[in-house]
Amino acid sequence: MANLNALTEFIKSGNRSKATKLTQEALDAGEVPQGILDAMVVGMDVVGERFKCNEIFVPEMLIAARAMKEAMAILEPALVKTGYKPIATAVIGTVQGDLHDIGKNLVSMMWKGASFNVVDLGVNVPAEKFVAAIKEHNATLVGLSALLTTTMPAMQTVMDAIRAEDFVGVKVLIGGAPITQNYADQIGADAFAADAASAVDAARKLLAN
Amino acid sequence: MSTHYTSLAIDDPTKLVFGHAPNPFTLRRGMVLGGGLVYPEINFTLPPMLIEAGTMNKVCTEYRQMITGVLKRAAELESPGVLVEFETLPPMTEHPDWGMQIVNILLDAMEEAHAKDGLASALRMTPNDNREMVRPPQMRSGIYWEGMLELFDRSAAAGAELLSIESVGGKELHDDALTMGDMQGSIFGLSVLGARDMKFLWTHIVEIAKRHGVHAAGDTACGFGNTAMVLAEQKMIPRVFAAVVRAVTAVRSLVAYECGAVGPGKDCGYENPILKAITGFPMSMEGKCASCAHFSPMGNLAAACCDTWSNESIQNVKLLGGMAPTMSMEQLIYDCRLMNVALGEGPKEVLKLRDWFVASDDSLDPQAYILRPDCCVQLAQAIISKDTPYTAARHVGLTAIDILRQAHADKSLKLSDRELPWLDTMTDTIQEMPDDENVLAQQVIATTEPGRFLPAEYGLTS
Ligand code: B1M
């Protein structure tokens with residue numbers, strides 16, 4: 001039996017080579033792919049928690065995320081064969097006219113760590129591109145980020161475009177420095193998150209409903 | 001023609017003070033920057049709203065209201081003068097006609113306040129650097145480059161006396177370097193890509209300023225140093241990392257002055273005191289009055305060497321006292337009054353107030369500590385002792401680390417346990433970097449995914 005607790009530890013410490021090696025060994029030893037994935041997610045959850053508690057910095061969290069990404073590359077073919085589907089496919093982007101992306105990138109990274117399949121559309125993303133990506137990837141979660149007061153209205157434009165499509169079960173989460181819960185309510189978004197860590201909790205909650 | 005600084009304009013830290021710059025200059029309405037008075041510099045922005053052809057009337061109404069309100073308050077409080085910064089929002093640079101509509105509103109109001117109340121003022125014009133609207137950014141041509149130059153040119157012709165920008169060259173790699181805590185990537189973004197782009201950009205801006213008889217003021221490494229500062233403030237990256245990045249940003253911002261800019265360096269360039277020591281030009285700074293835009297760990301210390309004192313940016317929303325920009329104007333004027341009283345009393349009083357500004361912040365955060373006037377002179381010396389931006393960046397980075405290490409050792413600065421190992425990591429990284437920037441450039445080109453940046457746009461060949 002492979003030591004999945006050790007895999008959790010290697011993800012936590014961001015040890016890429018050991019995490020990938022152990023993932024391969026676990027597969028070779030016949031571990032259930034879902035079990036291997038769970039061990040990784042537990043590791044990333046701990047990392048996320050430590051970050052939330054100000055015990056580690058983003059670079060340390062990113063190192064863990066990289067280790068998980070590389071281990072996932074090894075695990076993914078086996079996972080797919082078992083009929084595994086990620087918890088959700090999420091489309092995320094910074095809205096049109098806005099180039100601020102550090103906050104959005106952090107949310108994207110945290111969502112990946114929570115084993116969502118994340119399609120990052122980048123910055124300055126027009127509403128049509130969000131809609132097209134939702135269709136193409138069958139996304140059920142959409143993340144919008146805006147940092148400028150003058151690009152906040154572009155979130156409304158995306159909301160209008162999404163609502164005009166009659167998508168079933170597509171939830172929209174918004175965030176960014178000038179964004180508030182009030183603004184989310186005003187434009188009909190499903191949720192607002194103040195920071196990257198709470199964006200994971202908020203997304204999980206939305207998807208559970 | 002560009003100057004390479006080999007000596008300091010201010011090498012005695014007791015001479016690095018607010019209100020006095022070795023190279024002051026006079027604006028059209030008689031305000032002397034760096035000549036013994038600190039002036040308030042006000043900047044304001046729109047509340048949540050769209051900017052498009054159909055909303056431009058509303059946009060203009062907002063700006064008219066903001067400028068009228070702030071100038072009225074400045075006149076009531078008998079400010080000796082006001083610098084108004086118009087930092088455009090991206091569509092206003094993309095469509096220079098829209099930007100110019102607002103420039104004219106601001107200049108008309110400033111003219112009227114002068115005629116009616118005798119209020120002296122001048123306009124700093126800060127178009128957006130929209131070149132990264134396309135990815136990878138196109139730095140030397142294209143509609144965004146053209147639109148930016150057109151707005152500089154037309155606003156200078158209309159009466160804007162100071163030209164500035166928050167340029168972004170090198171940022172496309174620097175953002176990741178910040179979130180990865182990668183000092184080599186930061187130095188590459190700032191001193192190889194950034195410095196090359198600054199030279200190209202500022203040669204053009206200086207040429208426009210000369211053509212219209214106005215002043216190329218200066219840039220800021222906002223997208224680098226302030227991004228680091230905001231990330232550190234949110235506890236995402238170590239404060240010592242942000243402090244060292246700040247020291248290195250001075251190398252990038254210096255290029256504007258090497259190309260012919262004369263100050264005041266833009267408000268959000270917290271690295272400006274280092275540049276004042278090198279160039280002797282007046283500098284704008286922001287601190288506690290800019291918390292309407294973002295937080296910082298040096299609200300008082302930032303005023304130590306300023307020649308204009310700014311609020312960075314404030315939205316036009318209603319507060320109990322009145323509209324937010326007017327409130328901000330009042331705060332700036334009171335801060336300036338205090339500094340100007342000290343300036344009137346003499347050098348000893350100026351030093352006393354300056355040192356109080358410094359002492360109230362410096363021991364609490366490495367980003368503040370690194371900007372103490374004595375540290376600024378030390379960092380400035382490190383920069384001018386090297387021949388190229390890249391070598392200067394590595395040297396000033398190591399100097400900054402030494403300053404912080406020493407300060408922690410003698411207990412004048414308290415660093416937390418989780419910050420300390422980063423000092424060694426950064427030292428090792430900088431020491432292990434190649435001596436030749438071209439070697440580093442080729443390494444970066446070979447290992448960066450294609451499409452992140454275009455080496456040719458920085459004069460690099462791959
Ligand atoms: C999907 O669900 C979610 C959930 C949560 C989400 C989420 C999505 N997205 C974010 N979150 C949340 O989680 C994140 C992590 O905890 C958080 O993300 P944040 O993004 O808030 O936090 C980041 C981790 C760190 N924070 C940041 O990265 C933003 C910091 C500040 C200082 C800032 C920066 C760094 C930059 N800027 Co800009 N910038 C400012 C910012 C000041 C501020 N108060 O925010 C602001 C937003 N900028 C401003 C301005 C004016 C501008 N900027 C511009 C450019 C830049 C830089 C490129 C230099 C740089 C961005 C680098 C980058 N790659 O993103 C220009 C516009 C460019 C454009 N078209 O967008 C320019 C117009 C400046 C100019 N002269 O050109 C101001 C806005 C004014 C307004 N009217 O709204 C500003 C408030 C600063 C100021 N001057 O006052 C949460 O908000």
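These legends go with a set of close-up views of a predicted model.

**View 1. The cobalt site on chain A.** Start at the ligand: its cobalt atom has a single donor from the protein, the NE2 atom of A:His100, 2.2 Å away.

**View 2. The five-stranded sheet of chain A.** Here you see an open sheet of 5 strands with parallel pairing, in the order S2-S1-S3-S4-S5 (chain A). Strand S2 (117-120) and strand S5 (191-192) of chain A sit at the edges with a single partner strand each, so one side of each has no neighbour in the sheet. Further in, S1(A) and strand S3 (residues 141-145) of chain A run parallel and are joined by 5 bridges. To get your bearings on that pair, find A:Val91, which stands opposite A:Val142 in S3(A).

View 3. Helix H7 (residues 152-163) of chain A lies across S3 and strand S4 (171-175) of chain A, and runs at about 175 degrees to S4(A). Helix H9 (residues 196-208) of chain A lies across S3, S4 and S5 of chain A, this time at about 160 degrees to S4(A). While you're here, have a look at A:Asn138, in the loop between helix H6 (127-137) and S3 of chain A. A:Asn138 isn't a glycine, yet has a positive phi of about 50 degrees.

**View 4. The seven-stranded sheet of chain B.** On to chain B, where an open sheet of 7 strands has parallel pairing and the order S7-S6-S5-S4-S3-S9-S8 (chain B). Its edge strands are strand S7 (215-218) and strand S8 (284-286) of chain B, and each pairs on one side only. Ignoring direction, neighbouring strands of this sheet are turned by 30 degrees against each other on average. Strand S6 (residues 162-164) of chain B and S7(B) run parallel, joined by 3 bridges, and B:Leu162 stands opposite B:His215 in S7(B). Helix H10 (residues 324-345) of chain B packs on the sheet, touching strand S3 (39-43), strand S4 (82-87) and strand S9 (308-310) of chain B. The direction of H10 makes about 160 degrees with that of S3(B).

**View 5. Helices H6 and H8 of chain B, side by side.** The axes of helix H6 (residues 183-212) and helix H8 (residues 239-258) of chain B come within 8 Å and cross at roughly 20 degrees. That angle is under 35 degrees, so H6(B) and H8(B) count as roughly parallel to each other. The crossing is right-handed. By class, the contact of H6(B) with H8(B) has 13 nonpolar, 5 polar and 2 charged residues. Residues to pick out include B:Leu190, B:Met198 and B:Trp202 in H6(B), and B:Phe241, B:Val248 and B:Arg252 in H8(B).

**View 6. Helices H4 and H6 of chain B.** H6(B) turns up again here, with its axis coming within 9 Å of the axis of H4(B) and the two crossing at roughly 25 degrees. H4(B) and H6(B) are therefore roughly parallel to each other, and their crossing is right-handed. Among the residues making the contact are B:Trp145, B:Phe152 and B:Asp153 of H4(B), along with B:Phe200, B:His204 and B:Arg211 of H6(B). By class, this contact has 10 nonpolar, 2 polar and 2 charged residues.

View 7. The axes of H9(B) and helix H13 (residues 373-384) of chain B come within 8 Å and cross at roughly 60 degrees, which makes H9(B) oblique to H13(B). This crossing is right-handed. On the H9(B) side you have B:Pro273, B:Ile274, B:Ala277 and B:Ile278, which meet B:Cys376, B:Val377, B:Leu379, B:Ala380, B:Ile383 and B:Ile384 in H13(B). By class, that's 10 nonpolar, no polar and no charged residues.

**View 8. Cis prolines in chain B.** The peptide bond from B:Arg135 to B:Pro136 is cis, with omega near -5 degrees. You'll find B:Pro136 in the loop between strand S5 (121-126) and helix H4 (143-158) of chain B. The bond from B:Gly263 to B:Pro264 is cis too, with omega near -5 degrees. B:Pro264 is in the loop between H8 and helix H9 (272-279) of chain B.

Conventions: Residues are numbered from 1 along each chain as its sequence is written. Chains are lettered from A and ligands numbered from 1 in the order in which they are written. This is a predicted model: local features need pLDDT of at least 70, side-chain atom pairs count only at pLDDT 80 or more; totals for chains, interfaces and linings use all residues. Side-chain values use heavy atoms; hydrogens and water are left out. Donors are N, O and S atoms within 2.8 Å of the metal (3.2 Å for Na, K and Ca); water is not among the atoms, so sites may look incomplete. Two strands pair if DSSP finds at least two bridges between them. Helices (H or I, at least four residues) and strands (E, at least two) are DSSP runs, numbered from the N terminus. Contact means heavy atoms within 4.5 Å. Axes are lines fitted to C-alpha atoms, for helices over the stretch in contact, and angles run from 0 to 180 degrees between N-to-C directions. Angles under 35 degrees count as roughly parallel, over 145 as roughly antiparallel, 65 to 115 as roughly perpendicular and the rest as oblique. A crossing is left-handed if the near helix is turned anticlockwise from the far one by less than a right angle, and right-handed if clockwise. Ala, Val, Leu, Ile, Met, Phe, Trp, Tyr, Cys and Pro count as nonpolar, Asp, Glu, Lys and Arg as charged, and the others, Gly among them, as polar.
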